[in-house]
Amino acid sequence: MLKLLEAFNYSVPKIKPYQSGKLEVIFADRYQDFVLFVDGKQQMTYNIHNHHQAYELYSQYDIAEGHCLCSGLGFLVRENWLLTKKEVTKITVIEKSKDVIKYQKLINPEIMAKLEVIEEDINTYKGKCDTFLIDHFEPSIDIPSYLKMCRSILDNLSLIHISEPTRPERIGGGGVWG
């Protein structure tokens, strides 16, 4: 499955087990997933065999152009891929966890050097972009809250894409998809 993704310029970012502050990254043998936890809550998984998380993000890669504003760093799956797209001129990532930022600066410094990363909650961020790519999961947030968040960024916005998890049971369910 990775060969198909590679045909679209995808490469897997570095992911390693880690623990510091409120962040823990583990490798779960059962699913062959890396799992990212912040404050003890699962935020993201990445399967090393089928790379399904990258497939979930293909539509974001496809529509991305100009200045892209992204919610959350996670494992840098989307951002690493977007850096290969010539239509993308700038990538700004809003990440609320300083521990996730620290982890990625340590594990993927070459990717992080090409991104503008702002430590802030995406729900309060105000800014401009050409493409707004939302890919974070908060069980307590609903569609009106997502729309309120989007309104603060809509000035020069041409595209919005909201990814939804395909396996919400793996990340606790709830929210819009539960």
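Student: Which residues of α5 are buried?

Tutor: D99, V100, I101, Y103, Q104 and I107 are the buried ones in α5. Buried means under 20% relative accessible area, with exposed over 50% and partly exposed in between (1.4 Å probe, protein chains only). Helices (H or I, at least four residues) and strands (E, at least two) are DSSP runs, numbered from the N terminus. The model is predicted: local features need pLDDT of at least 70, side-chain atom pairs count only at pLDDT 80 or more, and totals for chains, interfaces and linings use all residues. Residues are numbered from 1 along each chain as its sequence is written, and side-chain values use heavy atoms, with hydrogens and water left out.

Student: What covers the buried residues of α5?

Tutor: The cover includes β1 (18-20), β2, β3, β6, α6 and β7 (116-119).

Student: How many residues are in the largest nonpolar core?

Tutor: That core has 34 residues, and V25 and F75 have the most contacts inside it. A nonpolar core is a set of buried Ala, Val, Leu, Ile, Met, Phe, Trp, Tyr and Cys residues joined through side-chain atoms within 4.5 Å. α5 gives the most to this core, with four residues.

Student: And F75, what is it in contact with?

Tutor: Leaving aside neighbours within four places in sequence, the contacts of F75 (heavy atoms within 4.5 Å) include P13, V25, F34, M44, Y103 and Q104.

Student: Different topic. How many helices and strands are in the protein?

Tutor: Seven helices and nine strands. Of the 178 residues, 49% are buried.
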